[in-house]
4 protein chains.
Amino acid sequence: MSNIGVIGAGYWAQNMLRVIAGSSSSELVAVAELDESKHVAVGHHYPGVRISTDANELFNDDAIDAIYIATPPETHGRLALAALRASKHVLVEKPIATSAVATEALIEEAYVQQRTLMVGHTFLYSPPVLKVMELINNGTVGDVFYVDSQRVNLGKYQASGVMWDLAPHDLSIILHWLGEVPISVAASGRSFRSTGREDVCFITLDFPGGAVAQLQVSWLAPVKLRRTMVSGSQRMVVYDDTSGPEAVKVFNHGVDLAAPETFGEFQLSYRQGDIWIPRLDTSEPLTNEWEHFIQCTKTGRHPRSSAEQGLAVVKVLEAADRSLKTGHREPVEWRTREPHIPQPRFEALTDTTVVN
Amino acid sequence: MSNIGVIGAGYWAQNMLRVIAGSSSSELVAVAELDESKHVAVGHHYPGVRISTDANELFNDDAIDAIYIATPPETHGRLALAALRASKHVLVEKPIATSAVATEALIEEAYVQQRTLMVGHTFLYSPPVLKVMELINNGTVGDVFYVDSQRVNLGKYQASGVMWDLAPHDLSIILHWLGEVPISVAASGRSFRSTGREDVCFITLDFPGGAVAQLQVSWLAPVKLRRTMVSGSQRMVVYDDTSGPEAVKVFNHGVDLAAPETFGEFQLSYRQGDIWIPRLDTSEPLTNEWEHFIQCTKTGRHPRSSAEQGLAVVKVLEAADRSLKTGHREPVEWRTREPHIPQPRFEALTDTTVVN
Amino acid sequence: MSNIGVIGAGYWAQNMLRVIAGSSSSELVAVAELDESKHVAVGHHYPGVRISTDANELFNDDAIDAIYIATPPETHGRLALAALRASKHVLVEKPIATSAVATEALIEEAYVQQRTLMVGHTFLYSPPVLKVMELINNGTVGDVFYVDSQRVNLGKYQASGVMWDLAPHDLSIILHWLGEVPISVAASGRSFRSTGREDVCFITLDFPGGAVAQLQVSWLAPVKLRRTMVSGSQRMVVYDDTSGPEAVKVFNHGVDLAAPETFGEFQLSYRQGDIWIPRLDTSEPLTNEWEHFIQCTKTGRHPRSSAEQGLAVVKVLEAADRSLKTGHREPVEWRTREPHIPQPRFEALTDTTVVN
Amino acid sequence: MSNIGVIGAGYWAQNMLRVIAGSSSSELVAVAELDESKHVAVGHHYPGVRISTDANELFNDDAIDAIYIATPPETHGRLALAALRASKHVLVEKPIATSAVATEALIEEAYVQQRTLMVGHTFLYSPPVLKVMELINNGTVGDVFYVDSQRVNLGKYQASGVMWDLAPHDLSIILHWLGEVPISVAASGRSFRSTGREDVCFITLDFPGGAVAQLQVSWLAPVKLRRTMVSGSQRMVVYDDTSGPEAVKVFNHGVDLAAPETFGEFQLSYRQGDIWIPRLDTSEPLTNEWEHFIQCTKTGRHPRSSAEQGLAVVKVLEAADRSLKTGHREPVEWRTREPHIPQPRFEALTDTTVVN
């Protein structure tokens, strides 16, 4: 049983608080939240848990083994560093930090302290994302030619713009699927709502193995659409995150059909092969993520959503930010100040196992 | 090349006229249509074709080999009989006739004249219906437990009621799939629009092999819904005729899942196995049907949509009519006055061949 | 703050335990569960809650205001009666009891004790069901002609058969929508898996106002399908419980279209009017249900899912059981032994309010 | 009644041949097709029509009023010019020509001859495309922020690459919707199948009014996907060309919802407002296009799919070709050699009228 401290008790934190409190491997011990108006609700839901406004209380409590951080992005780096220096294991929400420099400092500190540092790329623990990973790894998809991704939301304005808000999800997914960090990125964006920062961005990534990825992230939609197409030499996969148990569709190549005779048939005859909708695990991603984190703290195993992957995502976002300014394709340099930060590893999942 | 005469040039006949005119095995020679206002359009689309108001002209023309009849249902029996007596091959639209007695007379005459008599059960030539047939025949579905069918339309009022208008489609499909004629039928209906005849009917069929079928036919809907579920011991198939190339979905049984933890997941975890959407041929049913008819006239082969199947459908409808009056389940008697009318045969399609 | 005791800690009870523990209007005080192996998990998730194997402990505890019962159906009547006699408010899972006689005794006792007695017809607190209710009540649907409902599951065998397992859901929904108790019911069923009780049933209900309802319940499917069509004089509504936020589709009647020219277009031109997919509340049905119950205990308000509705559902199921045996349509008699049991009231929801 | 000559009798031409032969405003008089093996089929389907291998026969026939050209793209310019010089009205398949220079020569000649010159942008006559146009023009969408378009196919290799094969469809649609010619274009592509020309391209367009469009065209998919999203200040529209009668979905903005409590609900709560699926006309685009062309030849009306629009599409493709080479965003210059070629006009459709 690990003793857990949580920093932040806002909307997203509440989800993880529920998961931590319900986990048989964890004991929720203390919560730090600056907004005192949230203390009562936490106290009601989790009787016996210590609540304060001071994160230092958690760092200074020797009984606490691990800390979960779900505060605004600009505080991630500072709080995670303090937690690691206090020799705690750390799970920090995405983005891991708001700069590559800050992220490298975290990785270095985790290395020195020999503690687990993991970033909350929740989609890497979600059954449809893992199913696509499996389909890529076992050869079903063949060589991945390109990935096209759409993530549109009715977004709430945030000072950092839509790219830093939404793209980390897709970047964490696509880097994991392709098992590579892109070599360059081109980004363009607009601020249609005149908020000063982009509310829609189009991002193109070039990968060393030859694959291309294209992302659209937008706050302008009245609906959540999350749709990703993976085009491979053997099959095409469409992952639609709003289609519940039919989220992953696999399209087989098939034989040539006779030419249709009417425009109506022309519209109808849109596919050549069978479609396969694989069964998906119904486990909850947040629970999968949390149990994986706890297991890593105990075994020393490198987390699936590692800090190095968090760093790769931040580096891509920084290069995309440069591209937004220059209008040119910008390289993603992996060179780090700290000599021992390796390129991230990406797990090769060869079976349907969701957790661990 | 067969010489073809067509009786009727209304809405549905026009579809088949186009198919006949475009067929390389047929020559459209003459059309008989009582409504003279339709003659101009026929003349424009099919220059060189003879047009009259008198069907006898077609019967008396020795150059005509086969006749297609697409007139109102109550005239089917009389016209088909006259055509057979004139020694023509006959394809007549569904229902083959409006009584079993009349149908038997047709079968007898076709036997005497040694001519092909076929009924226009077009769905037996439609790729999704044939795909389900194949899935039943090759064991994919297993034993068929029951079939549940919904066919709702924004219907135009017809004096014979919704059952005789729409149910022949489903009956022809289901009898073909199960390869049997039901032993009894129970029907209930309502006339919500107060037109004197039912505008919605619910029909239950019991089959000798133990299967059950349940049909809903309705004119009350503002939308065309055609959805049939086949529940088998091995798999379930859903055939949705409005889903284009994804019309047939095969649901595999799968493993048991852990109990979901929230109502949300309860809603989501709705399936246990993979789904498979087989590729469908894109051939046009009407073309398939027509070429099959011509081939039968040439080879003497018994048609897939045989007159005996047409008779079985009419017998079921007659029994259902009795059930609407008595409120009881009514037997479907196969005993015919003519001794040599066999129970219909149903083709066992064991490959994906659509025609012939 | 109400003090709550819970009887039963199985799969379904766990959902409600989570809701009760998270409610700010309730205090989870004690749980009774015969299976001691489940006590540890309850203790872990709900520290401070009393756990025993004896429901009497809860009845005898004066500090407990209300009791939630989620035990096997055959124990509902006995436990609910004991709880009411101990002057507790009671929320009991569906079916409220396994006979009308037992249900009437509960209603009588609740009347005598002046306590709230509510049955867990959870779907009456689910946003799509309430949206359809609203569409009926505000005239969007017009006169309801008929309701056709499909509920198929990969079912686990239960001694009472599929009808008592699944049909209570649809009956509670349909009676609520139509605001009436049916006057007669016809049911047929089969035991394809040879388990002794039906694993598929077809049920037809006749309502005093002229509407008809048709239900299919089945354990034979490898997939959860829940699809209900409401055909009205003004519009048709399709409620598909597996379509998430697009669960309710409203089909408008529209103008007549020109006849299609090809079979392909014929298949395509399946609708005449617009479709409207109303926004649905995303509140959780279980939470809505629980808060409604607590409010009723405090205000004396008659619950939406009242015991009289529970009685109506049981009476329909008993008549359907008779019909399964006789093969005939059976009347649903409302006459009760207890003089003061009224026909159930059905709330007319005229706005989108989900709870209260 | 116009007398029509057709050049080309390949796959696509056959569709239009059927439409022309069936039109009551046109008389199909002669067909020119180099491949003599196709002459028999044409003769069979259209008895009485003259067939040759020489297009000049058509140009020299004074009885022919208008010519439809459906030959390989590289011959469009030459044949259309010859037809115009012979004073025929011309409908030529897309692309109108393979260079802007050649297109301008066509426009000039049509001006001199006072003949109708129209390009076969069939989608401008398709009901869903026109419905979206109407939604933009009547203010439903509000200001168009951006358009995102996906068109993937199991493509057959063509020497000109996927962009010239598929992008003309989307360009004709998007230019029409926005009513503008883009000011610059950036394109990137890959040749994954190593055929020498791109088999997937990503294209970004900047419009003078501030809107952005993003296109993906690909031959690499085993399935036809055609999906276009229009994001506007008032509403979002998704046009999915493979969804038949539900091809156009309009998403309303709605109110804010309470934060969901679980990841499951988070996934579910993906939209905030109602969805509206407008009824679509079921008329056939090819028929609409043809009748529009004939009407323009008679009234002198400027066609909806005008040669100037065809020129705009070609200019965008030429700029995109430059961008593929330079890797930079390239301007789309409208300046033409011929002084009197105006910027194309785009019809403002303010009602649901599909044709004329």
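Helices (H or I, at least four residues) and strands (E, at least two) are DSSP runs, numbered from the N terminus. This is a predicted model, in which local features need pLDDT of at least 70 and side-chain atom pairs count only at pLDDT 80 or more, while totals for chains, interfaces and linings use all residues. Residues are numbered from 1 along each chain as its sequence is written, chains are lettered from A and ligands numbered from 1 in the order in which they are written, and side-chain values use heavy atoms, with hydrogens and water left out.

S87(D) is found between helix 4 (73-85) and strand 5 of chain D. Although S87(D) is not a glycine, its phi is positive, at about 70°. Q114(D), in the loop between helix 5 and strand 6 (117-120) of chain D, is likewise not a glycine and has a positive phi of about 55°. Most residues other than glycine have a negative phi, and most peptide bonds are trans. Accessibility is classed as buried under 20% relative accessible area, exposed over 50% and partly exposed in between, with a 1.4 Å probe and protein chains only. S87(D) counts as partly exposed because its relative accessibility is 26%, and Q114(D) is exposed because its relative accessible area is 57%.

Cis peptide bonds come next. In chain D, the bond from K94(D) to P95(D) is cis, with omega near -10°. P95(D) belongs to the loop between strand 5 (89-93) and helix 5 (100-113) of chain D. In chain B, a cis peptide bond joins K94(B) and P95(B), with omega about -10°; the loop that holds P95(B) runs between strand 5 (89-93) and helix 5 (100-113) of chain B.

Chain A contains an open sheet of six strands, ordered 3-2-1-4-5-6 and paired in parallel. Its edge strands, strand 3 (50-52) and strand 6 (117-120) of chain A, each pair on one side only. From one strand to the next, the twist averages 20°; angles run from 0 to 180 degrees between N-to-C directions, and axes are lines fitted to C-alpha atoms, for helices over the stretch in contact. Two strands pair if DSSP finds at least two bridges between them. Strand 1 (residues 2-7) and strand 2 (residues 26-32) of chain A are parallel partners over six bridges, and I4(A) has L28(A) as its bridge partner in strand 2 of chain A. Helix 4 (residues 73-85) of chain A lies across strands 1, 4 (66-69), 5 (89-93) and 6 of chain A, and runs at about 170° to strand 5 of chain A. Contact here means heavy atoms within 4.5 Å.

S184(D) has D206(D) as its bridge partner in strand 9 of chain D and stands opposite P331(D) in strand 15 of chain D.

Helix 9 can be followed in chain B. The expected span of a helix is 1.5 Å times one less than its number of residues. The 15 residues of helix 9 (residues 285-299) of chain B should therefore span 21 Å, and its end C-alpha atoms are 21 Å apart, which agrees. Buried residues of this helix in chain B include L286(B), W290(B), F293(B) and I294(B). After helix 9 of chain B comes G300(B), whose phi is positive, near 75°.
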